[in-house]
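Subject: Structure for you to look at

Hello,

Here is the structure you asked about. Please open it beside this email and read the two together.

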Amino acid sequence: MSRERESIGVIGTGYVGLVTAAGFAELGHDVHCVDIDAAKVQRLRDGEVPIYEPGLADVIAANRERLHFSTELAGALEGARLLFVAVGTPPTYSGDADLAAIYAVVDALPKPSRNGHAIVMKSTVPCGTGVAIQRRFGEQGKESFGYVSCPEFLKEGAAVEDFRHPNRVVIGDDGGWAGDAVAALYEPLGSPVVRTDISSAEMVKLASNAFLSTKISFINEIANVCEAVGADVGEVARGMGLDERIGPHFLRPGIGFGGSCFPKDVAALKQLAGNSGYHFQLLTAVIEVNELQKRRVVAKLQKHLGSIVGKRVALLGLAFKPHTDDMREASSLVLAARLLADGAAVRAYDPVAEEQARQLMPRGVEFSASALGALDGANAAVLVTEWSEFCELDWDAVAQRMTGRLIVDGRNALDPEAVRRAGLSYEGIGRR
Ligand code: UGA
């Protein structure tokens, strides 16, 4: 396989597109990024990075001369033989993935003047999409476009490192030069490569996210049972995780998984199965457990406070997980809405997600510029996102600021003893 410098196109400059573009630029390739959002393209040209992703701005700055930003698809196509597609596939009301942005790209691609172009699908799509796109290319006289499925496994907040050190690279194609060309691009990273057909590659992505979500819902249910029987879920997860067949990862209980991927992909796989005549019962439960888990916090507050009408609750952290400002499907959204609906007053603080949160949080939520500000006069606090600054809080100072005593640790991230030493009551998730 060659390690020659390629010219690559990346369509869509969201977090997958930008990280992929920056990663390939770091590997020495020329990357032409295209986005329909002219304002965003201008910001990128001006050297701004429109998303919060640790380390990404540095990689973009260091490889600036190999990164080109434009709104013109044709320009990217001219120079690049591989066009990575990384546009959004949000869920629709039915639970199916919305492929409108993908088909807008497919339809906008001009007939290639020569053979030797391929699109490489990074966006998460239902099984069968690759075959459908190849058919569409045929209908449009663009059958010379190759098609490769190369699903993305980056985690937000650790995406740059995940690009550099992937657990695996999955490449689905039906023979021909394009799959080999994609494999050659990833070869310097030295990770295992799974070469397979297009539909199987699409399924690897959906099944991986669905399995990880299942692990989380499973440990959340174990945590709930631990609470009922007096066991400690941390000890249970440690004991389970040492079995190599189970593994230690994704066994952290909490107040539910969120983000732009797990909720959407679990729903999409369930829907895909349903559309094909198969009722995926397990995933129905995974989704339901996750929804209930977000709401269990309210019961914990009621257990300690009695009625929460008129009580002030501080939310520490809003993003769906730390190291990101992403608020999509964040548990904080459901929790805040439930608390307000039950008559509580909510004051929230997140170190980076406030701007995003202001757009999505229900009306009535107050925002604070600091953790202690959010805790001022609070009857109870809920740790929603395990940012490290919350683990380092001065609990004596917290106790002085709060009117009440209750700290609900929604991520089992705090030191219960440190909290209790300050005279506060601690309530975790399945923790003894
Ligand atoms: C997830 C996958 O981990 C990536 O492999 C995948 O590429 C990505 O989706 C995607 O499809 O694009 P991400 O959504 O960034 O990545 O976040 P995760 O770190 O996986 O966390 C997802 C949610 O699960 C968070 O809300 C987190 O708090 C929760 N979680 C995670 C738990 O509640 N417990 C755990 O043990 C782990």
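Below are the findings, starting with the domains and then turning to the ligand.

Please keep in mind that this is a predicted model.

The domains. The domain assignment divides the protein into domain 1, residues 7-196, and domain 2, residues 228-427. Their C-alpha centres are 33 Å apart. Domain 1 puts 14 residues into the contact between them, and domain 2 puts in 17 residues. The size of an interface is often stated as the accessible area that is lost when the parts come together. For domain 1 and domain 2 the buried area is about 1200 Å², and carbon and sulfur atoms account for 53% of that area.

The ligand. There are 20 residues around the ligand, and those that come nearest are F153, L154, E156, K205 and N209. By type, the shell consists of 10 nonpolar, 8 charged and 2 polar residues. Which domains supply the shell? Domain 1 and domain 2 each give at least three residues to it.

A polar side-chain atom of K205 is 2.5 Å from a ligand oxygen. In the side chain of K321, an N or O atom lies 2.9 Å from an oxygen atom of the ligand.

How much of the ligand does the protein bury? On its own the ligand exposes 710 Å², and 95% of that is buried by the protein. Helix 9 (198-229) and helix 11 (262-275) are the elements that contribute two or more residues to the shell. Helix 9 has the largest share, with 3 residues.

Regards

Definitions and conventions: Residues numbered from 1 in each chain as written. Predicted model: local features only at pLDDT ≥ 70, side-chain atom pairs only at ≥ 80, totals over all residues. Heavy atoms only, no water. Near = heavy atom within 4 Å. Polar contact = N/O pair within 3.5 Å; in protein donor to acceptor, adjacent residues only side chain to side chain. Areas by Shrake-Rupley, 256 points an atom, 1.4 Å probe, with all protein chains shown as cover. Helix = DSSP H or I, 4+ residues; strand = E, 2+ residues; numbered from the N terminus. Nonpolar A, V, L, I, M, F, W, Y, C, P; charged D, E, K, R; others polar. Domains from an automatic or database assignment. Contact = heavy atoms within 4.5 Å. Buried area = accessible area lost by both parts, 1.4 Å probe.
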